[in-house]
Amino acid sequence: MKEKTKQRHHLKHEGSERVLFKSINLLSSTRSSSIHHCFRISVFVFLLFFGVFVSTRLLHSTLVSIAGNSIEIPINCSAGNVTRTCPANYYPGKFDKRDRALLLTSPAECPEYFRWIYEDLSPWRETGITEEMVERARRTANFRLVILNGRAYVETYRKSFQTRDVFTLWGILQLLRLYPGKVPDLDLMFECADWPVIRSSLYSGPNATAPPPLFHYCGQDSTLDIVFPDWSFWGWPEINIKPWGSLLKDLEKGNTKTSWIDRNPYAYWKGNPVVAKSRMDLLKCNVSDKQDWNALVYALNWGREAQLGYKDSNLARQCLHRYKIYVEGSTWSVSEKYILACDSVTLLVKPRFYDFFTRGLMPMHHYWPIRDDDKCRSIKFAVDWGNSHKQEAHAMGKEASNFIQQDLKMDQVYDYMFHLLSQYAKLLKYKPVVPRRAVELCSETMACPTEGLTKKFMLESLVKGPKDEGPCVIQPPYDPATLQSVLQRKQNSIKEVEGWEKLYWDNQNKNKKN
C-alpha cells in the first residue's frame, strides 16, 4: 500500500517536472522566437536605411530613364554645402538622340523675332571678332565666359547688382545641360547693369574701329550691345519672383479666374515709380476727385512688400483689369513679359529700349501704343476706345498672351540663347582658351552650396536632362527691303493711333467751347 502511494507520489512529481520542463521549454522557445523576430526587424530596418542611402548616392551619379523616352540627370550634391569644384564626369559631354533609337519629328521653325540675332551681330559681319575686340569689352563687363568642349569657365571682374550675374550664369549652364555637346566653343564678355554702353556713334565713319562685342540685357537704336535674355527667367529671389517656367503656368491659370469682359474696365499699373521720370509722370494719371484718366496707378514699396511676404505683389493675381500699363524704368523692365501674359490689353508707353523678344511685337496687334509726352490723355483715349470696341480690344489682349505662352516659353528662351551663341561663335577669329583667373562652373558648384530662395529657384529651374529634339530652325536674316517694311509697318500703326487720338481730343475741345 505504502509502495503504491509512494509510486503515485513519484509519478505525480515526475508529471509536474514534465509540465514544468515543458513550460520552461515553451517560455524559452517564446523568448528565443521574440529575440529572433526582433533581430530580423532590426536587420530589415538597417537594410532599408542602407538601401535608401545607397540609392540616394546612385541617384546622383546615374542616368534615370523616365516616361519611356526622357532622360534625367540629377545634380550631384553628395558633398553638400562644401561643393566647390565640379564633380568628375558630372554631365555627358555629348548626347546623341540616335543612342536611344528614337524616331523624332523635325524641329519647329523659330519665332520671327529670332531673326534679330543677325542684326545684333551685324557690326562684326565683315570683320569677324578678334581676341583684342573681346578684351576691349572688359572695361564695363561683370564677367567673362569661356565655353570649351561643353564646359563653362568664368572670370569675374565685378559683382553685379543683387543676383543678376548668378542667375544669368545659371541660365547658361542650363543651356549646356539641355544641349550637351552642341554649344560651340566661345569667349564673351557680359555686362549686368541697366544701361547699354556700346554707343554706335563711336564706331561709325570710314576710319572707325570695330566695336567691342558686349552681351547685355537690353539695347537701343543708338547702341550696339548684344541683347541676351535677362536673369529673371531663372528667378529673382530678392523680390520673390519665380522662375519663368513656373510663373508662366501661374499666369495662365490666373487668366482664367476672371474673364476679360468681367474685369475692371480701367488701366492698371503697379511698380516702383522713383527709378524713372516717366514713371513719376504716370502717377499724375491716377484717378482722383478732380480728374478721371481711366487709370489706377499704385506706387510699390518693395521694403514693405518684403515684410508682408510679397502677398500684394503676386503677379498671377494681377490679371484683374481689362488694361495694363507698361512703362520703362531707368531702362527696359523685366515686367513687360508679365504684363503681356495677362490677356489684358497692354498699353505700352513709347519705349526707348528693347530686349531680345520685344522687337517681335507689333503695335495694334499685340499692344496699344501710348504717347510718352502726353500719357494721361493717351491712356484715357485707349481705355475709352477699348470699352467701346470690346471685341477688338479683347482680341488684342489675347494675341499678346498667346505670343507669350507660345513664343516665349522656356524652350524658346533656350533656343534663342543657343542660336545667338552659335552665330556669335562663328564670328570668332581665334581659338578660345581658359583665362588664367577663371574657375570652372557647373550646376553643382552653383546650387549645392546655396540656401533659401536662391537654391529653391535654382532647383526649380534646373534642366532635368538633354532635350529629345534639337533647337528650332532659325529663319534666314532679313534682307534690307523686308526689314525696312517691318519697321515701317510698326511706325505706320503708331502714327495711325496718334491720328485717332488727336481727332478725339480736338472734338472734345470743340464740345467744351460749344
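These are legends for close-up views of a predicted model.

**View 1. How helix α4 sits against helix α13.**
Here we have α4, residues 164-178, packing on α13, residues 452-461. The two axes lie 11 Å apart and meet at an angle of about 25°. Since angles under 35 degrees count as roughly parallel, that makes α4 roughly parallel to α13. As for handedness, α4 goes past α13 in a right-handed crossing.

**View 2. The side of α4 and the side of α13 that touch.**
Zooming in on this helix pair, α4 brings Val166, Phe167, Trp170 and Gln174 to the contact. From α13 come Thr454, Phe457, Met458 and Ser461. Sorted by class, the contact of α4 with α13 has 5 nonpolar and 3 polar residues, with no charged ones.

**View 3. The largest pocket and the residues around its centre.**

**View 4. What the lining of the largest pocket is built from.**
Helix α2 (116-120), strand β12 (368-370) and helix α14 (480-513) each put at least two residues into the lining of the largest pocket. Of the lining, α14 gives the largest share, with 9 residues. By class, the lining of this pocket splits into 16 nonpolar, 16 charged and 7 polar residues.

Conventions. Residues are numbered from 1 along each chain as its sequence is written. This is a predicted model: local features need pLDDT of at least 70, side-chain atom pairs count only at pLDDT 80 or more; totals for chains, interfaces and linings use all residues. Side-chain values use heavy atoms; hydrogens and water are left out. Axes are lines fitted to C-alpha atoms, for helices over the stretch in contact, and angles run from 0 to 180 degrees between N-to-C directions. Helices (H or I, at least four residues) and strands (E, at least two) are DSSP runs, numbered from the N terminus. Angles under 35 degrees count as roughly parallel, over 145 as roughly antiparallel, 65 to 115 as roughly perpendicular and the rest as oblique. A crossing is left-handed if the near helix is turned anticlockwise from the far one by less than a right angle, and right-handed if clockwise. Contact means heavy atoms within 4.5 Å. Ala, Val, Leu, Ile, Met, Phe, Trp, Tyr, Cys and Pro count as nonpolar, Asp, Glu, Lys and Arg as charged, and the others, Gly among them, as polar. On a 1 Å grid over the protein atoms alone, a cavity is a set of points where a 1.4 Å probe fits but cannot get out, and a pocket is an open set with protein on both sides within 12 Å along at least five of seven lines; lining residues have an atom within 4 Å of a point.
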